[in-house]
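Hi,

Here is the structure I promised to pass on. Have a look at it first, and then read my notes below.

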Amino acid sequence: VKDIMVTDVATVDTNASLRQVALFLERHRIGCLPVMKDDALEGIITDTDFVGVAINLLEQIEESEQYDEEYEDVV
């Protein structure tokens, strides 16, 4: 494994914004980034995580639109 593994791995700091991470993943066409705090691995963030964020935001928009429609009926 040592002979074929990648050793120059891109990482992200725990203080990075979600927008920064998403742009980095898109720009470099990679699917995941190890998340580091100081020199310790804290976790990993993946493109799948961002799909989850997108779904959550879309659901919030839909709920907001439904609320707006219901409110218009009352007024």
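A surface patch, as I use the word here, is made of residues with over 30% relative accessible area and no salt bridge, and nonpolar side chains are joined into one when they lie within 5 Å. Keep in mind that this is a predicted model.

Leu18, Val53 and Leu57 form it on the surface, and together they have about 250 Å² of accessible area. Val53 sits in helix H2. At 35% relative accessibility it counts as partly exposed, because that label covers values between 20% and 50%. Arg19 belongs to helix H1, and it is exposed, with a relative accessibility of 63%.

Which residues gather in the patch of negative charge on the surface? They are Glu59, Glu62, Glu63, Glu65 and Asp68. Glu62, one of these, has its place in helix H2, which runs over residues 47–74. Its relative accessibility is 47%, so Glu62 counts as partly exposed.

Now the sheet. It is an open one of 3 strands, in the order S1-S2-S3, and the pairing is mixed. The edges are taken by strand S1 (12–13) and strand S3 (40–46); each has a single partner strand, so one side of each is left without a neighbour in the sheet.

What does "mixed" come down to here, pair by pair?

- S1 and S2 pair in the parallel sense, over 2 bridges. Val12 has Val35 as its bridge partner in S2.
- Strand S2 (residues 32–37) pairs with S3 in the antiparallel sense, over 6 bridges. Cys32 has Thr46 as its bridge partner in S3, and Met36 stands opposite Leu41 in S3.

Next, some backbone angles to look at. As background, most residues other than glycine have a negative phi. Where does Asp38 lie? Asp38 is in the loop between S2 and S3, and it has a positive phi of about 60° although it is not a glycine. Those two strands make a hairpin with 2 residues between them, and it is in this hairpin that Asp38 takes its positive phi. Asp38 is also exposed: its relative accessible area is 68%, and exposed means over 50%.

Arg29 is another case. Its phi is near 50°, again a positive value in a residue other than glycine. You will find Arg29 in the loop between helix H1 (18–28) and S2. Is Arg29 buried or exposed? Exposed, because its relative accessible area is 78%.

Phe24 is found in helix H1, and at 27% relative accessibility it counts as partly exposed. Phe24 and Val12 are 12 residues apart along the chain, and their C-alpha atoms are separated by 9.4 Å. Remember that Val12 is the residue bridged to Val35 in S2.

Asn15 is in the loop between S1 and H1. With a relative accessible area of 71%, Asn15 is exposed. Asn15 and Ile45 are 30 residues apart in sequence, and the C-alpha to C-alpha distance between them is 13 Å.

Cheers

Note on methods
Residues are numbered from 1 along each chain as its sequence is written. This is a predicted model: local features need pLDDT of at least 70, side-chain atom pairs count only at pLDDT 80 or more; totals for chains, interfaces and linings use all residues. Side-chain values use heavy atoms; hydrogens and water are left out. Patches are made of residues with over 30% relative accessible area and no salt bridge: like charges are joined within 9 Å, nonpolar side chains (Val, Leu, Ile, Met, Phe, Trp, Tyr) within 5 Å. Accessible areas come from the Shrake-Rupley method with a 1.4 Å probe; for residues, only the protein chains shown count as cover. A salt bridge is a side-chain nitrogen of Lys or Arg within 4 Å of a carboxyl oxygen of Asp or Glu. Lys and Arg count as positive and Asp and Glu as negative; His and the chain ends are not counted. The place of a charge is taken as NZ of Lys, CZ of Arg, CG of Asp or CD of Glu. Helices (H or I, at least four residues) and strands (E, at least two) are DSSP runs, numbered from the N terminus. Buried means under 20% relative accessible area, exposed over 50%, partly exposed in between (1.4 Å probe, protein chains only). Two strands pair if DSSP finds at least two bridges between them.
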